[in-house]
Amino acid sequence: MLKEVYRKRFDRNIQKQFWKALQLALRNPMQTRLFFIKALWQQYQATRTRLFHFKQGLEVPPLLIISLTQRCNLNCAGCYSKVLHQDSGAELTASRFREILGEAGSLGISIILLAGGEPLIRRDLLGVAAEFSGIVFPIFTNGMLLNEEYLAFFKSNPHLIPVISLEGRELETDIRRGDGVHANFEKISQMLKARTIFWGISLTLTAPAHDLLLSPAFLKDHLDKGCRLFFFVEYVPIDPGSKHLVLNQAQKAGLQKRVDELCARLPGLFIAFPGDEDPYGGCLAAGRGFLHINPSGMVEPCPFAPFSDTDLRHSSLRDALKSKLLQKIRAKHHLLKETEGGCALWANREELERDCGSEES
Ligand code: SF4
């Protein structure tokens, strides 16, 4: 598929989501409408900036995923971050992080997902992210560190959007994440609603939990709690014995249609990740649509593909976008085509490692 085609389609999809967010905000008098109007305009500006660079031969993805730390206050079963990024060395400093965000903004990168480990452990880096109101930062947190101070911080920085990770109801969540995690979520969701903060949840989509997590009843329950953003993250079998949790062919084939129906029927934003990649000619990793930066600044094609040839402690983001490894992966389309559900690069990791001679980051 031509680059111009999948880039335009992905940009349009992003703008569609921001339009929906604005419509939701307009329906809710308490919501920060001004923020969504500004955010939508900024997304258009950023699309133009990326197109300018594209015409100069530089492929700039709209999204980055940055893991702020490896550290975490939980120990969830099958945590991909603990398995794939055991020790990624010294974490980025606040000053280097500020430079990276500055460069990202100037290149037209307009959405940066902050993850971990537990990102709220790096309060200093979240303070830096608050300085960049032209970028939208969904922050994937387990919610256990969300307190009055953080809630006030998010209230005054609407471009930082807390997204709390769940596995389902209390039973499913506490089995994987530990006792009391769901009860904490119940408490926090009331505090977020009371402060009219725009917030979301991230749900790990496994084959057994598929029907529950996509059921209107389950989702309406969270809409009533004030949640307006829903990420469905397809399960990736990092733990070899967990292949049975991966979405089956029928679930995978029907996922995007289910999500589109939810978007049409319910007053929320529903996003499947990675979702239907066919319209983009395959996975959007390796800079086609997004990139991953690990806690020590290594640039990776995706959080589930810990391979890198570029270290942002010693290289600019612009140079990282031209990395040989990323170009090789983009040129090898079959590496970006997944067959089994979950993650294409993870499914092709042996070939990726062999062919790309990439170092484990
Ligand atoms: S909260 Fe996230 S990073 Fe922490 S152990 Fe659980 S899955 Fe891993």
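**Figure 1. Lining of the second largest pocket in the predicted model.** By residue class, six nonpolar, four polar and four charged residues make up the lining of the second largest pocket, in a structure that is a predicted model throughout. This pocket has a volume of about 310 Å³, and 14 residues line it, with Glu167, Glu172, Arg176, Thr206 and Leu245 lying nearest its centre. The element that gives the most to this lining is helix H7, spanning residues 170-177, which supplies four residues.

**Figure 2. The largest pocket and the elements around it.** The volume of the largest pocket is about 940 Å³, and its lining is formed by 45 residues, of which Phe10, Asn13, Gln17, Ile271 and Ala272 lie nearest the centre. Two or more residues of the lining come from each of helix H1 (3-27), helix H2 (33-55), strand E2 (111-115), strand E6 (229-234), helix H11 (249-265) and strand E7 (269-273). Among these elements, H1 gives the most to the lining of the largest pocket, with eight residues. Divided by class, the lining of the largest pocket holds 34 nonpolar residues, together with five polar and six charged ones.

**Figure 3. The largest cavity, with its lining residues.** Two cavities of 30 Å³ or more are counted in the model, and the largest cavity has a volume of about 730 Å³. It is lined by 33 residues, of which Tyr80, Ser165, Arg177, Ser202 and Val233 are the closest to its centre. The elements that each contribute two or more residues to this lining are helix H3 (80-84), E2, E3, H7, strand E5 (200-205) and E6. In terms of class, the residues lining the largest cavity divide into 17 nonpolar, eleven polar and five charged.

**Figure 4. The shell of residues around the ligand.** The space that the ligand takes is the largest cavity. Around the ligand are found Cys72, Leu74, Asn75, Cys76, Cys79, Lys82, Gly117, Asn142 and Arg177. By class, the shell around the ligand comprises four nonpolar, three polar and two charged residues. Arg177, listed in this shell, is also one of the residues closest to the centre of the largest cavity.

**Figure 5. The salt bridge between Asp11 and Arg50.** Side chains of opposite charge can pair when their charged atoms come close. The structure holds 20 salt bridges, and in one of them the side chains of Asp11 and Arg50 meet at 2.8 Å, N to O. Asp11 lies in helix H1 whereas Arg50 lies in helix H2, so this pair ties together parts of the chain that are 39 residues apart in sequence. Asp11 is buried, with a relative accessible area of 13%, and Arg50 is likewise buried, with a relative accessible area of 1%.

Figure 6. A salt bridge joins the side chains of Lys225 and Glu186, with an N to O distance of 3.7 Å. This pair links distant parts of the chain, 39 residues apart, with Lys225 in the loop between helix H10 (216-224) and E6, and Glu186 in helix H8 (residues 181-194). Lys225 is buried at a relative accessible area of 14%, whereas Glu186 is partly exposed at 28%. Elsewhere, salt bridges that share partners join Arg71, Glu91, Arg122 and Asp124 into one network.

**Figure 7. Phe137 in strand E3.** Phe137 is found in strand E3, which covers residues 137-141. The relative accessible area of Phe137 is 0%, a value under the 20% cut-off, so this residue counts as buried. The C-alpha atom of Phe137 is separated by 11 Å from that of Ile109, a residue that stands 28 residues apart from Phe137 along the chain. Strand E3, to which Phe137 belongs, is also among the elements that give two or more residues to the lining of the largest cavity.

Technical notes. Residues numbered from 1 in each chain as written. Predicted model: local features only at pLDDT ≥ 70, side-chain atom pairs only at ≥ 80, totals over all residues. Heavy atoms only, no water. 1 Å grid on protein atoms, 1.4 Å probe; cavity = no way out; pocket = protein on both sides within 12 Å on 5 of 7 lines; lining within 4 Å. Points joined across faces, edges and corners; volume = space filled by probe spheres on them. Nonpolar A, V, L, I, M, F, W, Y, C, P; charged D, E, K, R; others polar. Near = heavy atom within 4 Å. Sits in = over half its atoms within 2 Å of the grid points. Salt bridge = Lys/Arg side-chain N within 4 Å of Asp/Glu carboxyl O. Buried < 20%, exposed > 50% of the residue type's maximum accessible area, 1.4 Å probe, protein only.
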